[in-house]
Amino acid sequence: MPTIAVTAATGQLGRLVVDALLERGVDPASIVAAVRTPDNAQDLAARGVQVREADYTKPDTLKAAFQGVDRVLLISSSEVGQRAAQHANAIAAAEDAGVELLAYTSVLQADTTTMLLAAEHQETERRLAQATVPVALLRNGWYTENYTGQLEVTLEHGVVGSAGEGRVAPAPRRDFAEAAAAVLTGEGHAGRTYELAGDEALTLTEIAALIGEATGKDVGYTDLPVEAYTEVLSKAGLPAPVDGVIADSSAAIGRGELTTDSGDLARLIGRPTTPVADAIRADVGAAAA
Ligand SMILES: NC(=O)c1ccc[n+]([C@@H]2O[C@H](COP(=O)([O-])OP(=O)(O)OC[C@H]3O[C@@H](n4cnc5c(N)ncnc54)[C@H](OP(=O)(O)O)[C@@H]3O)[C@@H](O)[C@H]2O)c1
């Protein structure tokens, strides 16, 4: 059985990938949770998973973490602006360890998207194209949780964005995690690029209506020009340039950059992706619990 390392395993996606690997019957001792802060992974260690320090800003920790590892999932960092350099450190460490597969969580349509948020993923994909180890690209679309993560704010202000009548095809993190686990445990994924998104594409008006149904509240969608939405985000406390980058990401929905008809996510997980209404209902239920 190959040894599989998951970086950022203390993050929301990373934890779900570890869960999905265990659900697939992977021996916990063959899983390496490669994390920035090992103290935050005590629950994973208690399940028999190996926990090793792997900080994207500390190349030595990455090299040590990947020793003896066969397959690595590099989960993109949350430190926007620092990510390309951080990912390059992880890629170098995977090369150093001579892994047989390096999978990377990129962004949907990375080769054509104009979304500002995609720039660091594009730089990372360019570095991966030069990698000396086999690579698989998991180009993740939007999480459904992006719309349910701040439920109180959404119930107060409704869904706000710059997507117009554009459509987004979200799927819950769990679906993306299962897809990553399928790639990490399967064969024939080296050299492949997967465009991963939900089966259904909805407008933000439709998503707002689903949140309304799930909560029993009146939730609408307010569409704003990018500049106005940036200002709203800025007033809500987001620093520049993050405010503008987030507003641009919403406009990317209007540009058709957050859907795909590839069917890759459903194929990898061996079932239809979770219906958006079900995912929203589950998140609303979890928030109320
Ligand atoms: N597709 C989407 O809709 C979407 C939405 C948001 C983000 N993303 C991207 O997908 C990634 C995973 O999503 P998520 O929901 O799991 O995000 P998350 O819960 O914020 O997790 C981010 C992870 O990155 C780790 N990290 C940050 N800096 C690091 C460093 N210097 N060294 C090692 N690890 C570091 C964090 O470590 P700690 O646990 O120590 O904090 C955390 O585990 C995000 O980081 C982001 O790149 C995608």
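Analyst: To begin with a term, a residue is called buried if 20 or more other C-beta atoms lie within 10 Å of its own, exposed if 12 or fewer do, and partly exposed in between, with C-beta atoms placed from the backbone. This is a predicted model, in which local features need pLDDT of at least 70 and side-chain atom pairs count only at pLDDT 80 or more, while totals for chains, interfaces and linings use all residues. Residues are numbered from 1 along each chain as its sequence is written.

User: OK, so is Ala-8 buried or exposed?

Analyst: Ala-8 counts as buried because it has 24 C-beta neighbours inside 10 Å. Ala-8 sits in the loop between β1 and α1, where helices (H or I, at least four residues) and strands (E, at least two) are DSSP runs numbered from the N terminus. The phi of Ala-8 is near 50°, a positive value in a residue other than glycine.

User: And what about the phi of Gln-109?

Analyst: Gln-109 is not a glycine either, yet has a positive phi of about 55°. Gln-109 lies in the loop between β5 and α5, and is buried because 22 other C-beta atoms are within 10 Å.

User: Switching to the sheet, what is the strand order?

Analyst: The open sheet of seven strands runs in the order β3-β2-β1-β4-β5-β6-β9, with parallel pairing, and two strands are said to pair if DSSP finds at least two bridges between them. Its edge strands are β3 (50-53) and β9 (193-196), each of which pairs on one side only.

User: How many bridges join β1 to β2?

Analyst: Four bridges join β1 (residues 4-7) to β2 (residues 31-35), and the two run parallel; within them, Ala-5 has Val-32 of β2 as its bridge partner. β4 and β5 are likewise parallel and joined by four bridges, with Leu-74 standing opposite Tyr-104 in β5.

User: Why is β5 called largely enclosed?

Analyst: Seven of the seven residues of β5 are buried, so the strand is largely enclosed by the rest of the structure. Both of its faces are covered, with Leu-101, Ala-103, Thr-105 and Val-107 buried on one side and Leu-102, Tyr-104 and Ser-106 buried on the other.

User: Which residues have the most contacts inside the largest nonpolar core?

Analyst: That core has 94 residues, and those with the most contacts inside it are Val-6, Val-17, Ala-33, Ala-103 and Ala-180. Helix α8 (residues 173-185) gives the most to this core, with seven residues. A nonpolar core here means a set of buried Ala, Val, Leu, Ile, Met, Phe, Trp, Tyr and Cys residues joined through C-beta atoms within 7 Å.

User: Then the ligand: which residues are the closest?

Analyst: The ligand is surrounded by 23 residues, the closest being Thr-10, Gly-11, Leu-13, Tyr-56 and Ser-76, where a residue is near a molecule if its C-beta atom, placed from the backbone, lies within 6 Å of it. Helix α1 (residues 12-23) gives the most to this shell, with three residues.

User: Last topic, where is the cis peptide bond?

Analyst: The cis peptide bond joins Ala-240 and Pro-241, with omega at about 5°, and Pro-241 is placed in the loop between α10 and α11 (242-254). Another proline, Pro-225, is found in the loop between β11 (221-223) and α10 (226-235), and counts as exposed because it has 12 C-beta neighbours inside 10 Å.
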